[in-house]
Amino acid sequence: MPNPNNRTVYQTPNGEWANKKNGNSRPSKLYDTQKEAIADAHQQIYNDGGGELTIMGTNHQIRQKLTVAPGNDPCPPRDRT
């Protein structure tokens with residue numbers, strides 16, 4: 001079952017950066033910079049008990065995916081079991 005605390009940060013057509021909880025139709029909040037949106041999304045995921053943060057670039061392609069503790073990393077390092 002997917003984690004309900006997952007969030008995505010992306011750029012809107014008017015140039016603002018959105019922090020949107022996956023499954024919602026509207027963003028939680030809009031920001032002037034991507035850095036602010038990422039920081040707030042990370043904090044919200046942490047406060048909700050962990051999950052995945054997907055960061056999209058200006059071209060709307062996935063730039064980075066982060067697992068925020070205490071989330072369940074779907075691809076943990078092989079040297080740690």
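Among contacts in this chain between residues at least 6 apart in sequence, 28% join residues at least 24 apart. Contact here means heavy atoms within 4.5 Å. The model is predicted: local features need pLDDT of at least 70, side-chain atom pairs count only at pLDDT 80 or more, and totals for chains, interfaces and linings use all residues. Residues are numbered from 1 along each chain as its sequence is written, and side-chain values use heavy atoms, with hydrogens and water left out.

Start with the parts. The chain has one helix and five strands. Along the sequence they follow the pattern β-β-β-α-β-β.

The five strands form an open sheet in the order 3-2-1-4-5, with mixed pairing. Strands count as paired if DSSP finds at least two bridges between them. Strand 3 (29-31) and strand 5 (62-68) are at the edges with a single partner strand each, so one side of each has no neighbour in the sheet. From one strand to the next, the twist averages 20°. Such angles run from 0 to 180 degrees between N-to-C directions, and axes are lines fitted to C-alpha atoms, for helices over the stretch in contact.

Now follow strand 4. Strand 1 (residues 7-11) runs parallel to strand 4 (residues 51-56), and three bridges join the two. Thr8 has Thr54 as its bridge partner in strand 4. Strand 4 also pairs with strand 5, in the antiparallel sense, over six bridges. There, Ile55 has Gln64 of strand 5 as its bridge partner. The hairpin of strand 4 and strand 5 has five residues between the strands, and His60 takes a positive phi near 65° in this hairpin. Strand 4 is mostly covered, with six of its six residues buried. Buried means under 20% relative accessible area, exposed means over 50%, and partly exposed lies in between (1.4 Å probe, protein chains only).

What lies in the largest nonpolar core? It has 10 residues: Val9, Trp17, Tyr31, Ala37, Ile38, Ala41, Ile45, Leu53, Ile55 and Val68. Such a core is a set of buried Ala, Val, Leu, Ile, Met, Phe, Trp, Tyr and Cys residues joined through side-chain atoms within 4.5 Å. Helix 1 and strand 4 are the elements that give two or more residues to this core. The largest share, four residues, comes from helix 1. In soluble globular proteins, nonpolar side chains tend to be buried together.

His42 is partly exposed, with a relative accessible area of 35%. Leaving aside neighbours within four places in sequence, His42 is in contact with Leu53 and Val68. His42 and Val68 are 26 residues apart in sequence, yet 7.0 Å apart in space, C-alpha to C-alpha.

Finally, take the chain as a whole. Buried residues make up 33% of its 81 residues.
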